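This report covers a two-chain model, with attention to selected side-chain pairs and to the interface. The sequence and structure come next.

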Amino acid sequence: MESSPERIDDLYREFGWIKDYLEEILSLQRRILQKLDSKKTEDHSKDTELDAWLLLRLPDHLRKTMMALAKLVEARADEVAKITGRARAIESGYLNQLVRMGYVKKVRKKHQIYFSVEEGYKHG
Amino acid sequence: MGKFITIHSFKGGTGKSYLSVNLSTIYALRGKKIALLDLDFRAPTLYEVFGNNSSKCYINDVLDGTAAIEDCLVDCSSKIENRGKLYVAFADFTTDAIREMVSKGRRWEIEALRRLLMLRKKLVDDLQFDYVIADTSPGILYLSINAVVAADIAVVVSTLDDSDINGTERMLRELYEIFEKKTFVVVNKAIGLQNEEKQKIIENLGKKYRTSIIGVLPCICDVGALKRSTILAIKNPNHPFIKMIEDIATKIENA
């Protein structure tokens, strides 16, 4: 049978290894969580930033409004309605829906409401 | 009011760039103020036609948000003997730039779409171009589809190859019809057709594509043999090929 001090040394060594392994596991877990978090942000951006493919998946009535606004870049509801041929009030509703979805920005200029597809994000 | 016209195709090698250059030239010779944009970032070709030794920046920079379109447009009217106003915005043709463009992520594409829409407004409304003609990459990549979204009129160039016809049909149905774009098809490189055959093709393809076929361009050897830097509409304006493109230009104008 090993003497007690040597056995204790062995045990300390093994605990040391176990501690190292646990730290490695914790570090891996943190990296996984970070990746999951960044994926969530990316997925979130997928849902609220409009690209050509998302445009295809919009309901027809909203896509029509979006395409009209895309042509004008920034416009009032009545200006969009002139292109779509629909009533101003209807276009206003659709434009506000697109604002709530995050695809369009709403700005007030001199007591009038304008809807815009202009960029909100700038490259560094 | 000016118009933004995209020249697109399902497959490569259909003759988009050739059509873009000659169409732009014909419109410029008709007294229109024309901007020709090279949006084929995967295989830029316009620099071969016009030479590019005076461009301060590229259209890549405009879509990156680091340059204004006014700085990138090069007056190439001298290439058409100053008989019209033709400006060209070139794509960066270096290997690094091409590699960079094809590996852009979704985030960049979202911003590129916005910048393209603003670019359209700038060129048509502020700079008063009569036509902006965008030569795009083939297929259904972001870069091409963004240009389709921005377009007032889309011209899709197809050959008579079966895979091209089927692919074009799908693209028209699944993209263009949904975007409700005013779309015309030009059939190019049509080999050895007589008048009756041509008419039949126009009818059949028109039904298949559910859109107007505004031209069937034959495959002509002396046209294919020309150097890229030669603009046929200037070198030989009475060539039958150019007469057909003039007819296409008129149909687009009247749309």
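The side chains of B:S17 and B:D135 are joined by a polar contact of 2.6 Å. A second polar contact, of 3.2 Å, links the side chains of B:S17 and B:T45. A polar contact here is a pair of N or O atoms within 3.5 Å; within protein, one atom must be able to donate a hydrogen and the other to accept it, and residues adjacent in sequence count only if both atoms are side-chain atoms. B:S17 sits in helix α1 (residues 16-29) of chain B and is buried, with a relative accessible area of 10%. Buried means under 20% relative accessible area, exposed means over 50%, and partly exposed lies in between (1.4 Å probe, protein chains only). Apart from neighbours within four places in sequence, B:S17 is in contact with B:T45, B:D135 and B:R228, where contact means heavy atoms within 4.5 Å. Helices (H or I, at least four residues) and strands (E, at least two) are DSSP runs, numbered from the N terminus.

The model is predicted: local features need pLDDT of at least 70, side-chain atom pairs count only at pLDDT 80 or more, and totals for chains, interfaces and linings use all residues. Residues are numbered from 1 along each chain as its sequence is written, chains are lettered from A and ligands numbered from 1 in the order in which they are written, and side-chain values use heavy atoms, with hydrogens and water left out.

**Salt bridges**

How many salt bridges does a search of the whole structure find over all chains? The search finds 25, a salt bridge being a side-chain nitrogen of Lys or Arg within 4 Å of a carboxyl oxygen of Asp or Glu. Side chains of opposite charge can pair when their charged atoms come close. Four of these pairs are listed below.

| Salt bridge | N to O distance |
|---|---|
| B:R30 and B:E253 | 2.7 Å |
| B:R99 and B:D96 | 3.2 Å |
| B:D152 and A:K71 | 3.3 Å |
| B:K11 and B:D161 | 3.7 Å |

B:K11 is partly exposed at 32% relative accessible area, and B:D161 is partly exposed at 39%.

The salt bridge of B:R30 and B:E253 also links distant parts of the chain, with the two residues 223 apart. B:R30 is in the loop between α1 and β2 (33-39), while B:E253 is in helix α12 (residues 240-253). B:R30 counts as partly exposed at 34% relative accessibility, as does B:E253 at 26%.

B:R99 and B:D96 are both in helix α5 (residues 95-102) of chain B, 3 residues apart, about one turn of the helix. B:R99 is exposed at 53% relative accessibility, and B:D96 is exposed at 51%.

**The interface of chain B and chain A**

At the interface, 24 residues of chain B are in contact with 22 residues of chain A. The two chains bury about 2,400 Å² between them, 60% of it on carbon and sulfur atoms. Buried area is the accessible area (1.4 Å probe) that two parts lose on being put together, summed over both. B:R106, B:R107 and B:R114 supply 27% of the area that chain B buries against chain A, more than any other three residues.

The rule finds 2 salt bridges across this interface. A:K71, B:R120 and B:D152 are linked in a network of salt bridges. On the side of chain B that touches chain A, α6 (106-126), α7 (142-150) and α8 (162-179) each supply at least two residues. The largest share, 12 residues, comes from α6(B). By type, the residues of this side divide into 12 nonpolar, 1 polar and 11 charged. Ala, Val, Leu, Ile, Met, Phe, Trp, Tyr, Cys and Pro count as nonpolar, Asp, Glu, Lys and Arg as charged, and the others, Gly among them, as polar.

**Chain A**

Chain A has 5 helices and 3 strands, in the order α-α-α-β-α-α-β-β from the N terminus on. Of its 124 residues, 28% count as buried.
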